[in-house]
Amino acid sequence: MIQLKDVSKVYENGTVALDHVSIDIGKGEFVFLVGASGAGKSTFIKLLLREELPTAGEIRVAGRNVVTMPRREVPYLRRGLGVIFQDYRLLPDKTVFENVAFAMQVIEAPRRLMQRSVNAVLDVVGLRDKYKCFPRQLSGGEQQRVAIARAIVNDPAIVIADEPTGNLDPETSWDIMEIFERVNRAGTTIVMATHDRNIVDAMKRRVIAIEDGQVVRDEARGGYGYEA
Ligand code: ADP
Ligand code: ADP
């Protein structure tokens with residue numbers, strides 16, 4: 001699903017954010033990406049989404065060559081990826097239903113299919129009864145569940161989450177992780193960058209640790225592995 005071959009990213013100011021990184025993530029895997037702030041996790045995610053191009057190396061995501069892909073194909077790449085951020089990034093003037101439906105309007109789905117799909121994913125995240133609420137009327141955990149619904153409504157092959165529990169209390173974070181487990185059990189590949197030691201240690205999934213732009217650890221059933 002995701003293949004990086006000897007990928008380096010040097011920003012224009014000379015910062016080496018990724019340094020000869022090779023990573024292979026298969027279909028249906030659940031991968032935690034760990035590492036200190038500044039290690040290169042967000043850069044890795046931006047490369048997958050083609051928000052940045054690598055300075056060197058090859059990147060394949062869901063069967064596409066992300067590096068050589070013409071600009072006009074980038075929207076198709078991104079439609080196959082569900083992305084979730086720490087700060088939810090919902091549209092404040094749209095309801096829960098509209099926030100999720102908007103992701104489908106972008107791909108011009110027929111109205112009936114859209115209704116059915118939005119209701120189905122709101123069921124998955126347990127928010128069907130809040131479909132008329134606006135984001136400001138929801139708790140942080142609920143807003144993140146809306147963001148997950150939006151990310152999965154187009155049935156992406158890969159869900160990419162950047163610190164999705166970073167603003168949530170431990171109990172709410174576990175609710176979010178249960179939803180990710182459910183999505184993963186349905187066959188979706190999940191890549192989650194996180195600083196949440198308890199979650200990583202408890203879930204015993206693959207852990208890829210990045211330090212100073214390099215992969216320093218890659219374990220099939222790993223732990224968070226850092227002190228403090
Ligand atoms: P993480 O997500 O693990 O905190 P990042 O990928 O954001 O790490 O950052 C990796 C390194 O690249 C850091 O040194 C950061 O300051 C630098 N960096 C990130 N984005 C840019 C940018 N647009 N221009 C220059 N340097 C950047
Ligand atoms: P938390 O306990 O996480 O701080 P809140 O106190 O913000 O959550 O919300 C508690 C519950 O009340 C949530 O289910 C939220 O959806 C609901 N709620 C909060 N504000 C409103 C509102 N203005 N209209 C409708 N529901 C609301």
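Which residues touch the most other members of the largest nonpolar core? In this predicted model, they are Phe32, Val118 and Phe180, and the core they belong to has 44 residues. Take Phe32 as a way in: setting aside neighbours within four places in sequence, its contacts are Met177, Met192, Thr194, Ile199, Val200, Met203, Arg205, Arg206, Val207 and Ile208. Apart from this core there's another one, made of 29 residues, with Val7, Ile45, Leu81 and Ile158 among them. In soluble globular proteins, nonpolar side chains tend to be buried together.

Now to the ligands, starting with ligand 1. Its surroundings include Tyr11, Asn13, Thr15 and Ala17, plus a run from Ala36 through Ser37, Gly38, Ala39, Gly40, Lys41 and Ser42 to Thr43. Helix 1, residues 41-48, supplies three residues, the largest share of that shell. Sorted by class, you get four nonpolar, seven polar and one charged. Look at the oxygen atoms of the ligand: a polar side-chain atom of Ser42 sits 2.6 Å from one, and Lys41 puts a polar side-chain atom 2.8 Å from one. On its own ligand 1 would expose 560 Å², and the protein buries 65% of that.

Ligand 2 has Lys130, Gln137, Leu138, Ser139 and Glu142 around it, which by class makes one nonpolar, two polar and two charged residues. Lys130 brings a polar side-chain atom to 2.7 Å from a ligand oxygen, and Glu142 does likewise at 2.7 Å. Gln137 uses a backbone N or O atom instead, 3.0 Å from a nitrogen of ligand 2. Here the protein covers 35% of the 550 Å² of accessible area that ligand 2 has by itself.

Conventions: Residues numbered from 1 in each chain as written. Chains lettered and ligands numbered in written order. Predicted model: local features only at pLDDT ≥ 70, side-chain atom pairs only at ≥ 80, totals over all residues. Heavy atoms only, no water. Near = heavy atom within 4 Å. Polar contact = N/O pair within 3.5 Å; in protein donor to acceptor, adjacent residues only side chain to side chain. Areas by Shrake-Rupley, 256 points an atom, 1.4 Å probe, with all protein chains shown as cover. Nonpolar A, V, L, I, M, F, W, Y, C, P; charged D, E, K, R; others polar. Core = buried A, V, L, I, M, F, W, Y, C linked by side-chain atoms within 4.5 Å. Buried < 20%, exposed > 50% of the residue type's maximum accessible area, 1.4 Å probe, protein only. Contact = heavy atoms within 4.5 Å. Helix = DSSP H or I, 4+ residues; strand = E, 2+ residues; numbered from the N terminus.
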